[in-house]
Amino acid sequence: MKVTRLLLRPQHIGWITPFFKPSLHIPLLQSPLPRLCCGQGQRWIHCGSSVCKNKPDSADFRELFEHETEKKDKSLVTHDDLFAQAAKDAKTKANFNRVVDVFNKKDIRRRGHVEFIYAALRKMPEFGVERDIVVYNKLLDVFPKEVFVPQNFIQRMFNHYPRQQECGVQVLEQMENYGIMPNVETKVLLVQIFGEKSHPMRKYQRMMYWFPKFKNANPFPVPHELPQDPLDLARFSLTRIANDLDAEITVYQFPLTDITETGEEIAQPHIVGIQSLEQRSLLAKHNPNRPVFVEGPFPLWLRKTCVHYYLLRADPVPPEEKIEEEPDPELIGPEQSFFYPQRVELDLNRDLGDDDSFDVDDVEEGPVYAMCMAGQSDQATLARWICGLQETNPVLGQIPTVFRLESGTRELQAAADVHHSPEQNAEPGTEQEHIIEEETLRSQGMKQSN
Amino acid sequence: MLGFSRSVKVSKCLLASPARRLAAPLQTQRCMRTSVRSLAYAKDLFLGKVNKSEVFPYPEISNEELEEINQFVPPVEKFFGEDVDSKKIDEEAHIPVETLAGLKALGLFGIQIPEEYGGLGLSNTMYARLGEITSMDGAIAVTLAAHQAIGLKGILMAGTDEQKAKYLPRLASGEHIAAFCLTEPGSGSDAASIQTRATLTEDGKHFLLNGSKVIWISNGGLADIMTVFARTEVLDKDGQKKDKITAFIVEKAFGGVTSGKPEDKLGIRGSNTCEVTFEDTKVPVENVIGEVGGGFKIAMNILNSGRFSMGSASAGMIKRLIEMTAEYAGTRKQFNRKLADFGMIQEKFAIMAQSAFVMESMAYLTAGMMDRPGFPDCSVEAAMVKVFSSEGGWVCVSEALQVLGGVGYTKNYPFERYLRDCRILQIFEGTNEILRMYIALTGMQYAGKILTGKIKYMKKGNVGVVFEILGKKLKGSLGRNVDFGLTGKDGVVHPSLTESAKMFEQNVALFGSTVESLLYRYGKTIVDEQLVLKRVADTLINLYAMTAVLSRASRSISVGLRNHDDEVLLANTFCKEAYFKNNYWMTQLQKNSPENNDANLKKIAQAVLEKRAYTCSHPLDRTY
């Protein structure tokens, strides 16, 4: 909100402006507009400033302010009404555009356009157009052109038409919050409306500086439109968690709804699993006397969608069971040129000055052998997944599989899951990010609706 | 004895150290010896020492041997020139039976097999000489090498007299062709990579050989006798069962041996490379080479001893390429000037001549070392020859092709075939990467064993040792008076090569201290510093090459060989080039050297390998 403050700073000098007005090219439109736009309570200071332009007298100012506040409510209601009426039919982009067109045609002077734009900005998410650059440009187009462009150095120096500029900045601000990059049309509009060096233009320039830099900052982007098909969504989510190019996705069961002869409806949920070759070989080495666990559901947030996944994991191998496979020293030692020598027999360690490694504390964790997503979270469905896994991992047939699924019975689960709760905490890297993302969005939303 | 006395005279007049090799009786050099005499020229370089008696004077062969080889060469050359149609062999991916019969008649299948078993019984040096000619056709060269340099070498080196008597005569005549079966799919560093397994039958008289697939076996489809390496269960010292590798002589007639379809290769297309599968092949116990469980060492020795000949083969190939391209460059006119008048074309010929000269020098120096009595271990030297000549060969063929331009790119000329054929040199018999690791680590191991005590003292802050080293470093940096006695009054290098010898000495001294500091810095973790080891290996290869050319050119001037002034020029040119390259590499090996880009290279590679793709955006991409 720095911009706002910037805009406000020279407000007391704002009075001077009217005295220069007669020299402007379009005097007719100039003076009435600010007064008309005062009818908006949210930015009372702006109201004040614009009022001050015309009425330097402080008593008058207060009176006028109260008067305007009354009026403001009405005007707000009218604009909101416009959208509310449009929303009755359908909340679509076409309807939204129609409302804007109606407003544009209603009055050649575009009376109350600032209020209208604020109202429109608020309504955008409702109509689902908050990510549409064309709509933002259309909104900016509501501003009358060339009127607010400063014509001389004093106007340029001081805050020329602060409320309008502030409104323009708000439009850009909302675009920013939704991650919409302005385009050339936006720039042309802003130049036409506010001139080359206005605050909205500065805002535009800043956005154009930072946006491209941040655009590809996330190495794991989530698309705005997630795949509709649950199979595709599961594929996407699983590859996102298992960031391993060797991992293989298998659809163990396709979703199916069928009606039997007796009229019963049988729904077959989808089961999609992922397993890498390394996981497969780890599982093959698993001691069949130790159980493996099917655990879940764990949440994964993809923007506003939450999906759940299940793990096939085991407890860490106790140290006494670990067998170090010693390769034949003849084959890896020095003095041989077939396989390259993989060690030298020296009693010298790396010098401290050349030891760039960090002191990393390795926390022993149990291996995760596979992951899956399923349409239903009952044990029967997951058992089918394990059956499917057995085809590529025959060893699973000999290993006892324990299902530890979190569902309705929380209390019972709590006791059983005490020792694997760190597991759940180990995952939240991705989740938290999303939650944070959601929160920031919400807070920004609040900011703009202030 | 004429040659003997003359050489001694020469060495007395001009070369200070006695000609050691010549002092040995001639007959003994020919035979394979099993006792290993330590020979450590290359390894001593790691300590900053020049063991000059090992490499000076340049090895010679006796007049009798020279006459003998000169009798062999012309018919072989004639055969390759007239009866071998390399183009046809390449196109049909098959060596015709008549050609093979011709090779057999010339005795080329038994070059190193002793005369008593029906071979030619030639020394390594003479084998290298013949290699120059057989390299006229890559496919034949590889077929012959797979047969005798690795295929039957096991029997020759470690076989019993019965085994030799049984197999060698027919192998020498070419009636039987040999192959060497070691490489397997997924060849890695662990014993598990060798999947072929031999189990002893209940009566204890046979081994049953079972192997999934032994791949890339040269001569696999032709071979009647194979040296096969398989895992066998062996009781080790603690009485535990362990898998060890054992070498077997396997006849195709034993049954159960199937060979797959020959591979369709880029080059050496006429040679037969295919996979071989063993299924319950019954191998009698007498056919174990060496002892049960000792196979890997045998495999190693076979490979190590076979590599040196690649140097002379490449040199032979380049010499022929020079003749072919020089003719073109001398006649073809461009812009009213002969191609040979252009500086950039001249440079190419200089590079080719220099490479051939250096390779030749290295190959025959190494062959001469190997021919010394006592079967010395020259594996590092041989590996260096292989790396240097395979890479030099590739560059030279490419340059030769470039001289011809578009014409060379067509199939009308043999250059494209040479280019394809010689690419394999960098890959087989141990890839150059593996050999570089071997060269560098063997030396590091050797130097490390000797220096460990000293470095430990240094690390503990022993003032005496630290001062000694500092003093040495100071001396080295101040005065350039490193002297290993190569030049000067009792020098072994001819005065016209003094400057080059000095450069070599400086390089060696710096190399010694570089190795020491590397050991100090990395200790046994040096094995993980592959980029460091690569430079160490490259520097050592250059040092060895410098030694070889210095030694050879000195001898040539001293005995007054024809055109020895050219040799001096080539030697000086190469030494100068190598000196600066070595200095640069060793500067990179210093700590925090700005010339060293390894960390960046690793990062780039990591980013790419993580994505398994090129990571950068397209230059035409936009963000808005």
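Colleague: What makes the meeting of the side chains of R521(B) and D354(A) a salt bridge?

Modeller: In this predicted model, a nitrogen of R521(B) and an oxygen of D354(A) are 3.0 Å apart. The rule asks for a Lys or Arg side-chain nitrogen within 4 Å of an Asp or Glu carboxyl oxygen, so the pair qualifies. Across the interface of chain A and chain B the rule finds six salt bridges. Eleven residue pairs in polar contact, both residues at pLDDT 80 or more, are found across this interface. On the side of chain A that touches chain B, α13 (199–215) and α16 (329–332) of chain A each supply at least two residues.

Colleague: How many residues of chain A and chain B are in contact, and what area do the chains bury between them?

Modeller: Contact involves 31 residues of chain A and 48 residues of chain B. Between them the two chains bury about 3,800 Å², with 59% of it on carbon and sulfur atoms. S337(A), F338(A) and L348(A) supply 20% of the area that chain A buries against chain B, more than any other three residues.

Colleague: Why is N272(B) called buried?

Modeller: The relative accessible area of N272(B) is 14%, and buried means under 20%, so N272(B) is buried. N272(B) sits in the loop between β6 (257–259) and β7 (273–284) of chain B. Leaving out residues up to four places away in sequence, N272(B) touches several residues, including I217(B), L222(B) and P262(B).

Colleague: What lies 2.8 Å from a polar atom of the side chain of N272(B)?

Modeller: That is the backbone nitrogen of G221(B).

Colleague: How do you know that the span of helix α16 of chain B agrees with its number of residues?

Modeller: The helix covers residues 379–404, which is 26 residues, and at 1.5 Å a residue these should span 38 Å; the end C-alpha atoms are 38 Å apart, so the two values agree. Of the 26 residues of α16(B), 21 are buried, and the helix is mostly covered. Just after α16(B), G405(B) takes a positive phi of about 65°.

Colleague: Which residues of α7(A) are buried?

Modeller: They are N95(A), F96(A), N97(A), V99(A), V100(A), F103(A) and N104(A). Helix α7 of chain A, residues 93–106, reaches 20 Å from its first C-alpha to its last, close to the 20 Å expected for its 14 residues.

Colleague: What are the confidence values for chain B and for the complex?

Modeller: Chain B has a mean pLDDT of 86, with 91% of its residues at 70 or more. Over residues 1–36 of chain B the pLDDT is below 50, and this stretch has 61 contacts in the model beyond near neighbours in sequence. For the complex, the predictor gives an ipTM of 0.74 and a pTM of 0.81.

Key:
Residues numbered from 1 in each chain as written. Chains lettered and ligands numbered in written order. Heavy atoms only, no water. Helix = DSSP H or I, 4+ residues; strand = E, 2+ residues; numbered from the N terminus. Expected span 1.5 Å × (residues − 1). Buried < 20%, exposed > 50% of the residue type's maximum accessible area, 1.4 Å probe, protein only. pLDDT = per-residue confidence, 0-100. Contact = heavy atoms within 4.5 Å. Buried area = accessible area lost by both parts, 1.4 Å probe. Polar contact = N/O pair within 3.5 Å; in protein donor to acceptor, adjacent residues only side chain to side chain.
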